[in-house]
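Here's a quick walk through the model, from the overall fold down to a few single residues. Keep the viewer open as you read.

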Amino acid sequence: MKQWRPALLAGAGASMAIALLGWLDLSWQLTLLMVPFGASCVLLFSLPQSPLARPQNVLGGHLLSATLGLLVQLLPLPMELKLALGVGLSVAMMQGLGLIHPPAGANPLLVLLTAQSWPFLWETVLPGALLLVIMGRGARWLNSRPLGAP
C-alpha cells in the first residue's frame, strides 16, 4: 500500500481541484473550468517537483497562451491557420520566456474553437490556474508529511 500512497494522493488532489472548480462554476455561474486544467492537474499533483509544475509556469503558461489565442483570433486568416499560428506562437513564447507548461499549449485551440473574448483571461484562466496552483501546493505539503502525522 505504501507505493500507492503518492498515486492515491495525486488522484485525490486532482479530483478535489476539479470538483472545486466545477462547484464554483455552478455556484458562481462563472466558467472556471477548462479542459487544459485536467492536464495541469497531472503535473501539479503527480509531478509537483517538475519545472513544468512551478507556479510561474502554470499561471504564466496558461495566461500567455490564452492571450496569444485571443490575439490570433483578431487576424483575418482562415481558421486552420489561426489554430496553427496560435499553438506555434504559444510554444515559442512559453519556451522563450521560460514558462513552459504543456497543458497550456491547448489554450489557443480552446480560445479559437469556442470564440472566447478577453474576459476569458480574468474570469476563467487566471482564477482557475491560481486555484490549481494553491491546491497543488497544499497537496504537496500533505504528501510530504509522514503517514499518521498530526
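## Ground rules

Contact here means heavy atoms within 4.5 Å. With that cut-off, residues 24 or more positions apart account for 74% of the contacts in the protein chain with a separation of 6 or more.

Bear in mind that this is a predicted model: local features need pLDDT of at least 70, side-chain atom pairs count only at pLDDT 80 or more, and totals for chains, interfaces and linings use all residues. Residues are numbered from 1 along each chain as its sequence is written, and side-chain values use heavy atoms, with hydrogens and water left out.

## Overall fold

Helices and strands are DSSP runs numbered from the N terminus (H or I, at least four residues, for helices; E, at least two, for strands). By that count the protein chain has six helices and zero strands, so its pattern along the sequence reads α-α-α-α-α-α. The radius of gyration is 16 Å, close to the 15 Å from the globule rule for 150 residues, so the chain is as compact as a globular protein of that length. That radius is taken over C-alpha atoms, and the rule is 2.2 Å times the number of residues to the power 0.38. Along the principal axes, the C-alpha atoms fill a box of roughly 60 × 35 × 20 Å.

As for the surface, the protein chain exposes about 8200 Å², with carbon and sulfur atoms supplying 73% of it. Accessible areas come from the Shrake-Rupley method with a 1.4 Å probe, and for residues only the protein chains shown count as cover. Buried means under 20% relative accessible area, exposed over 50%, and partly exposed in between. On that scale, 37% of the 150 residues count as buried.

## How H3 packs

Two packed helices are described by the angle between their axes and the distance between the axes. Here axes are lines fitted to C-alpha atoms, for helices over the stretch in contact, and angles run from 0 to 180 degrees between N-to-C directions. Helix H3 (residues 55-73) and helix H6 (residues 119-144) pack at about 165°, with axes 9 Å apart. That makes H3 roughly antiparallel to H6; the labels are roughly parallel under 35 degrees, roughly antiparallel over 145, roughly perpendicular from 65 to 115, and oblique for the rest. The H3 side of the contact includes Val58, Leu59, His62 and Leu63, while the H6 side includes Phe120, Leu126, Leu130 and Arg137.

H3 also packs against helix H4 (residues 79-96), at an angle of about 145° with the axes 9 Å apart. Among the residues making this contact are Gly61, Leu64 and Leu68 of H3, and Leu85, Gly86, Met93 and Met94 of H4.

## Residues to click on

Which residue has a positive phi although it is not a glycine? That's Ala115, at about 50°. Most residues other than glycine have a negative phi. Ala115 sits in the loop between helix H5 (107-113) and H6, and is exposed at 57% relative accessible area. Ser117 lies in the loop between H5 and H6 too, partly exposed at 42%. Its C-alpha atom is 31 Å from that of Ser50, 67 residues apart along the chain.

Leu20 belongs to helix H1 (residues 5-28) and counts as partly exposed at 29%. Leaving aside neighbours within four places in sequence, Leu20 is in contact with Leu131 and Met135. The C-alpha atoms of Leu20 and Ser46, 26 residues apart along the chain, are separated by 18 Å.

Key
Buried < 20%, exposed > 50% of the residue type's maximum accessible area, 1.4 Å probe, protein only.
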